Amino acid sequence: MDPVRWGFLGAGWLVTARTADSLHQASNAELTAVGARDAARAASVNPARAYESYQEVIDDPDIEAVYIALTNDVHLHWILAALEAGKHVLCEKPMTMNAAETRIAFDKAAETGLMLIEAVWMRWHPRMRHIAQLAKGGELGKMTGFNGRFTWQTADAAPPGNYRFFPEYGGGALLDIGVYPLHALLSCVPDFNLLEVTASRRHLNEHGADLTTDITLTWGEGTSAGVTASFEQPATESMHLTFERGEINSLDNEGFCSWRQPARVKINDEIEIFDETDAYQLMFEAMSNRIRGGDDWVLSPAESIKVAELVDSSVAKAN
Ligand SMILES: NC(=O)c1ccc[n+]([C@@H]2O[C@H](COP(=O)([O-])OP(=O)(O)OC[C@H]3O[C@@H](n4cnc5c(N)ncnc54)[C@H](OP(=O)(O)O)[C@@H]3O)[C@@H](O)[C@H]2O)c1
């Protein structure tokens, strides 16, 4: 199979520290171009071509798929531009700023017949796939609760001035890290369409970006879940699921972002260990295979839209 020719928009932390290398490691993909405001930074991740604008990547006739790793406020603009230019799109989480924008993006993808996928890399991790399968499979009985926490201290989260602290760029803890436990929850409940936000508490910074968001959700016959995202609490990345006959606990405080290291999960009294893996690489490989006609699993539009709706409800219901 010919490798899929990828173009990256942006060369910020994620691309330079993680995803460019993961794409280079992928068996069926090549990094044909990267565009960044600083072409030298784009070139530093070793693409075949470096551009100093995002549009040049999209206009490059060799590019088949575009990966967007820009600040969240401009995701929709570049999704639409790439789809209109006939490219498949993988866009970093959160897909856009809200559910209305996310629907516009998926409507355009449907109209063009191209793939649009939200890059929630955790969802490709074999441990997350296993937890979701177990949760839905009924082996432990009905799911009776979920608690997911993704928290950092501001000083570790990002340097001052980073877009994460400004709402106009799509900053805030909920959009940045809260979407991980929300996506994890969706992957585990029997019918994610039933999930509803019942309460939300937010602590905002002086610019109006949330430093902490605590959400309570329910589904089915009132089963409840808690999700916390914070830039001002000690670092945790944990998932705890309870069932009629047992529980599942992520271990090691890397429940959502285990990268190139072994991962563990505790299922009742048993600890299961997963070999080290790179879920970004698995994500690029799965989408590249799909582009070439394979049937690899990819995250569905319905799940991305539902997470965006839950984010909107958390903002609307905040007190
Ligand atoms: N999946 C994950 O593990 C993961 C981890 C971190 C972040 N993310 C997501 O990836 C995206 C980028 O995050 P990051 O951590 O790489 O952020 P970052 O280091 O702050 O980089 C910001 C990116 O946005 C671009 N940008 C465009 N206009 C900008 C402006 N006016 N001010 C600042 N930046 C601007 C920059 O472009 P240039 O390169 O052209 O300068 C850069 O590529 C976000 O959507 C975030 O949610 C995902």
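Tutor: Let's start with the domains, go on to the ligand, and finish with some helix packing. Keep in mind that this is a predicted model, where local features need pLDDT of at least 70 and side-chain atom pairs count only at pLDDT 80 or more, while totals for chains, interfaces and linings use all residues. Residues are numbered from 1 along each chain as its sequence is written.

The chain is assigned domain 1 (4-119) and domain 2 (123-277 + 298-316); such bounds come from an automatic or database domain assignment. Taken over C-alpha atoms, the domain centres are 25 Å apart. Where they touch, 16 residues of domain 1 are in contact with 16 residues of domain 2 (contact means that C-beta atoms, placed from the backbone, lie within 7 Å). On the domain 1 side, helix H5 (99-112) and strand S6 (116-119) are the elements giving two or more residues. Helices (H or I, at least four residues) and strands (E, at least two) are DSSP runs, numbered from the N terminus. H5 supplies the largest share of that side, four residues. Sorted by class, that side has six nonpolar, five polar and five charged residues. Here Ala, Val, Leu, Ile, Met, Phe, Trp, Tyr, Cys and Pro count as nonpolar, Asp, Glu, Lys and Arg as charged, and the others, Gly among them, as polar.

So where's the ligand? Both domain 1 and domain 2 give residues to the shell around the ligand, so it lies between them. There are 19 residues around the ligand, and Gly 10, Gly 12, Trp 13, Leu 14 and Ala 36 come nearest (a residue is near if its C-beta atom, placed from the backbone, lies within 6 Å). The shell splits into nine nonpolar, five polar and five charged residues.

Now back to H5, which has a neighbour. The axes of helix H4 (residues 75-84) and H5 come within 10 Å and cross at roughly 5°, which means H4 is roughly parallel to H5. Axes are lines fitted to C-alpha atoms, for helices over the stretch in contact, with angles running from 0 to 180 degrees between N-to-C directions; under 35 degrees counts as roughly parallel, over 145 as roughly antiparallel, 65 to 115 as roughly perpendicular and the rest as oblique. From H4, Leu 76, Ile 79, Leu 80 and Leu 83 meet residues of H5 including Ile 104, Ala 105 and Ala 109. This contact has seven nonpolar, one polar and two charged residues.

Conventions:
Two residues are in contact if their C-beta atoms, placed from the backbone, lie within 7 Å.
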